[in-house]
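Okay, everyone, thanks for coming. Let me put the structure up, and then I'll walk you through a few spots in it.

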Amino acid sequence: MIHTTVLPPPMPFLQLDSGRFSSFLSSKQRILAHGGHRRLSSLQSSRHSMFLSTKPVLKDGTLSINEKIALTEVPDNVVVTPLTNSSAFVGATSTEASSRHVFKLGVIEDVRLLSLFRFKMWWMIPRVGDSGSDIPIETQTLLLEVREAPGFGASNETTSYIIFLPVLDGEFRSSLQGNSSNELQFCVESGDPAIVTSESLKAVFVNYGNHPFDLINESMKILEKQLGTFTLRETKQMPGMLDWFGWCTWDAFYQEVNPQGIRDGLKSLSEGGTPARFLIIDDGWQDTTNEFQKEGEPYVEGSQFGGRLGSIEENNKFRRTANEAQSEAPIGLKDFVSDIKRNFGLKFVYVWHALLGYWGGLLPNALGTKTYNPKLRYPIQSPGNLANMRDLSMDCMEKYGIGTIDPAKISQFYDDLHKYLVSQDVDGVKVDVQNILETISNGLGGRVSLTRQFQQALEESIAANFQDNSIICCMGQSTDSIYHSKRSAITRASDDYYPSNPTTQTLHIAAVAFNSIFLGEVFVPDWDMFYSRHEAAEFHAAARAVGGCGVYVSDKPGQHDFKVLKRLVLPDGSVLRAKFPGRPTSDCLFTDPVMDGKSLLKIWNLNKCTGVLGVFNCQGAGSWPLLENNTREDPSSELSGPVSPADIEYFEEVSGKLWTGDCAVFAFSTGSLLRLPKGEKFNVTLKVLQCDVFTVSPIKVYNQKIQFAAIGLMNMYNSGGAVDAIDFFSDSSSCEIHVKGRGAGEFGAYSSTKPKSCLVNSKVEGFEFRDEDNLLKIVLHHTTSSWDIVICY
């Protein structure tokens, strides 16, 4: 990356490395795109200097946007189609037609970059670096940091950003990758040898901006309009389960899930004061057959992925057969679901199924599946997937094959399955194994077309049969699926939570936070379940408190840490969910919080009236996949890093007109309260797998003399999530500040003056006032589910 030096007008000056940018002296013709038609343009006819234009310009082998270099040494076959003043589509042409091309785009060097790439077929993780060789195969988002040297009189460098998003171009899906020559490449592939092309002109979207989160949001809005195949999270209907505490059966039982175990788990959560209002009955409830694991024979690792669905109904664990009159099994699934809703106050019951019914698809020629014409197909993975990390489930499905539903019957299958589930009092579904379509698209129209067909059928069935957009997507982190999501509002944002693997706990948190930069524009990222009784329980709990996500555990019945759970869950079973997907702060975007030995991970979010910031020490517990042979920096037993109210983006949404410019910063771990100007920093020190959560509330002036900031429920990780609204009333002699919210516990606020009195729901309540830091505390009893606090001065 070059550094630009801004001099006084009239002529900007760019200092070039004469070796690297010798192509500036070239007079080669470039292929440019305008209005959808390509034309040849020479230097002589293109007199408008790229240094005077904000639009993306490809000239003399250099792609620049707003005077910033994006790529150098761009090959002649690369095509640029400008869209806006800062964005363009980039593609390339070939002399040969093929179902898969890898094109060079140009060189990236000496620039901080962040890649989000599929390290397995199903899942993404982040990778940071400084050149093209650091960009992994199957990169789906690439963000570059562009630093510009200050001009005369300026004290700081300015920072801007360039983003590359590989997209869907017709029937071809694209991805990015680097090579050892620091060249950025893009791969386009159809997944079907019969679907070929010699060009892909709109394979990669590139855009430029001064703010990373604005840039990705603006970019996805442009793509939403240009592609017309997906919609953004902010326009989607949010499923109601997001705001209620949940329990998933997977890590509690795995495939041995059973009705009595579910009852036991719901009972123990309820008796402990954190009732589940949302349940996922995961894998293990369906009617399946597995010819590869014979009863009584030794267990074969991975054989579960050879199982196939025999019918859309439940198995005998959830259904009493005719000769089992005295069985403890329920009469049927509906009897069971209705019973647990009635007895445990469940609001939502979801069940799990795979995109093709089960891991191994449908059982061919079975009475309950033959109407869907399943055919046995053997998956074929893309070379890009095979270049990264193998996956046991994929290996087994390649070995055993998949009973693939006839695409012409997929709408009928989903409609039949979901109608049946609704008739059993089930409220929604978690749909897994979604990326599988890219491996079985040969002869079925290619991966893009096949995904579009299945995704449309799935979303139409959800809309027709369920009342609440009730779907959680899973194992669908390929852009084939992401860019076809028109209705689905939730997707898993990381590989599984692995409770027995201590090296993956920190990776899980970091991966979701970084993946949410991209996924969070289209979905509410799902952080997966966790154990509340675990050495990393608070680490996971705090992350979900700032993640803006659904909150659910997979505790075994009776195995709960209610100290942790009660910091997440209110007595009525609701949770304090923040507004946005939790993402890394801007100063964390190009650091490695897992392996560089020095960086803390900070995750920011907003509530209705406050900001929230989670800080995590992810160093020293594990290594990123595909980097395990690299030397990991050894972190010290403790790490320190700067934290500031300014780490929270879009703080103006909560600060308002009365803001003094200072913030009240409440630390959950210590209960301490600081008053800080927004731009001021303080240090946080954490051990490995330690974390802290800071509520940041704008201090506002009321009645020209009272300075006040609500903290919320100080017993909760996301304290400020309890506050719904703040208002005030005053006259010449008094001032009243009204704070509305919900939940029980200890309410806290910063107050410049000790109040005269406090009322909760019109009843006078006692309070404490701490003179040393101006902390006001009011106890809200467990009988109080919602409150209107009036603080009188």
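So, where is the place of V564? V564 sits in helix α12, residues 562-565.

Quick housekeeping. This is a predicted model, where local features need pLDDT of at least 70 and side-chain atom pairs count only at pLDDT 80 or more, while totals for chains, interfaces and linings use all residues. Residues are numbered from 1 along each chain as its sequence is written, and side-chain values use heavy atoms, with hydrogens and water left out.

Back to V564. Is V564 buried or exposed? V564 is buried, because its relative accessible area is 5%; buried means under 20%, exposed over 50%, and partly exposed in between, with a 1.4 Å probe and protein chains only. Leaving aside neighbours within four places in sequence, V564 is in contact with S532, A537, A541 and Y717, where contact means heavy atoms within 4.5 Å. V564 and A536 are 28 residues apart in sequence, and their C-alpha atoms are 11 Å apart in space.

Next, a pair of helices. Helix α3, residues 259-271, packs with helix α4, residues 333-344, at an angle of about 15°, and the axes are 11 Å apart. Those axes are lines fitted to C-alpha atoms, for helices over the stretch in contact, and the angles run from 0 to 180 degrees between N-to-C directions. So α3 and α4 are roughly parallel to each other, given that angles under 35 degrees count as roughly parallel, over 145 as roughly antiparallel, 65 to 115 as roughly perpendicular and the rest as oblique. Which residues in α3 meet α4? From α3 we have P259, I262, R263, L266 and K267, and they meet F336, D339, I340 and F344 in α4. The residues of that contact divide into six nonpolar, no polar and three charged. Here Ala, Val, Leu, Ile, Met, Phe, Trp, Tyr, Cys and Pro count as nonpolar, Asp, Glu, Lys and Arg as charged, and the others, Gly among them, as polar.

Now the inside. The largest nonpolar core has 169 residues, and M220, W247, I262, F413, L421 and F616 touch the most other members. A core like this is a set of buried Ala, Val, Leu, Ile, Met, Phe, Trp, Tyr and Cys residues joined through side-chain atoms within 4.5 Å. Helix α10, residues 505-519, gives the most to this core, with ten residues. Apart from it lies another core, of 32 residues, including V146 and I162.

Two threonines in strands, then. T491 is in strand β28, residues 490-492, and is buried at 2% relative accessible area. T695 is in strand β38, residues 691-702, and is buried at 1%. Not counting residues up to four places away in sequence, T695 touches several residues, among them T610, F666 and I711.

Last stop: backbone angles. Most residues other than glycine have a negative phi. E67, though, has a positive phi near 70°, in the loop between β6 and β7. E67 is partly exposed, at 27% relative accessible area. N774 has a positive phi too, near 65°, in the loop between β45 and β46, and counts as buried at 19%.

Note on methods:
Helices (H or I, at least four residues) and strands (E, at least two) are DSSP runs, numbered from the N terminus.
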